[in-house]
Amino acid sequence: MLAARMRFVQYLRKGDLAKRLGFLSEDQKSLVELAGLEGVPSDLKTLIAQNPNLEELAQKAEKQPRLEVNDDVTLLPPLTDPGKIICIGLNYQDHCDEQNKPAPKEPMFFSKFNNALVGPQDNVIAHSASTKIDWEVELVCVIGKVARHVPKSLAMDYVFGYTVAQDISARDWQKERNGGQFLIGKSMDTFLPLGPAVVHKSLVPDVYNLNLKTWVNGVEKQNGNTGNLIFKLDDVINRLSQTITLLPGDIIVTGTPKGVGMHRSPPEFLKPGDVIQTEIVGLGKLCNKVVAP
């Protein structure tokens, strides 16, 4: 089925100065180049905004070369310049429970900056300014068209697809410094590994039945399911679009389940040399090494 190709990836080939756009295979071992196809841009954000006929694009891609994903191919974040990165705190009941907090009555929104974005295999910097760097696996929703005053009943029509994020957090800056504002603790360079691909929504039969996990050095730390989201995507898009215009390529990072390091006994934090593996079944896997500055 041609639609099965619709796992959009951005990448560089050895020697490239500009990113390319392609379709990633489900096993993440190969990709189909879209570079050179008439009318196809080199970045996913522009493609989404063009609202192309995706079946026609998949047909054209049938004749395109296939590349092995190896040391000559660098996978980039599937979106490198989203207009907005909107995040939601306390959006899984078990994550509230591990903090002994009640579920919020309305979503707690915050943001991250684009400088935090890195690819699915890139390093995460253990910034010397923090001693409490933590992990959070999260489902990401990618907006597909301009959304303003969207009714809840139509909200899912505005979704293009989904991807995987590891929302790295400097807990000391998030909780103890900067006046309690999250921005610096969430937006340090490399603090949002994203990818490997944006999977079109047509390939996700039930976005509320996806298993999501984090491992650190091979030890499972998080194991949750998107069915436990407190505020579902239609509700979130409806609420946001009443006051903030959402644009194609904007991303919503939807929250994390229990198992973060901060709330373990004793607390656990990331250090140089650690390897973080992140997976949402059906969407893909990330593997990021923590390195010294």
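**Close-ups: charge pairs and cysteines**

**View 1. R20 and E33 join up in a salt bridge, 3.2 Å from N to O.** That term stands for a side-chain nitrogen of Lys or Arg within 4 Å of a carboxyl oxygen of Asp or Glu. R20 sits in strand β2 and E33 in strand β3, 13 residues apart; strands (E, at least two residues) and helices (H or I, at least four) are DSSP runs, numbered from the N terminus. R20 is partly exposed at 22% relative accessible area, while E33 is buried at 5%. Buried is under 20%, exposed over 50%, partly exposed in between (1.4 Å probe, protein chains only).

This is a predicted model, so to speak: local features need pLDDT of at least 70, side-chain atom pairs count only at pLDDT 80 or more, and totals for chains, interfaces and linings use all residues. Residues are numbered from 1 along each chain as its sequence is written, and side-chain values use heavy atoms, with hydrogens and water left out.

**View 2. R7 pairs with E26 in a salt bridge at 3.7 Å, N to O.** R7 belongs to strand β1 (residues 7–13), and E26 to the loop between β2 (20–24) and β3 (30–33). R7 is buried at 8%, whereas E26 is exposed at 61%.

**View 3. R171 meets D134 in a salt bridge at 2.8 Å, N to O.** Helix α4 (residues 171–176) holds R171, and strand β10 (residues 133–134) holds D134. Both residues are buried. Shared partners tie K112, D134, E136, D167, R171 and K186 into one salt-bridge network.

**View 4. C141 is buried, at 0% relative accessibility.** Its sulfur lies 13 Å from the closest cysteine sulfur, in C87, too far for a bond. The whole structure has zero disulfides (cysteine sulfur pairs within 2.5 Å).
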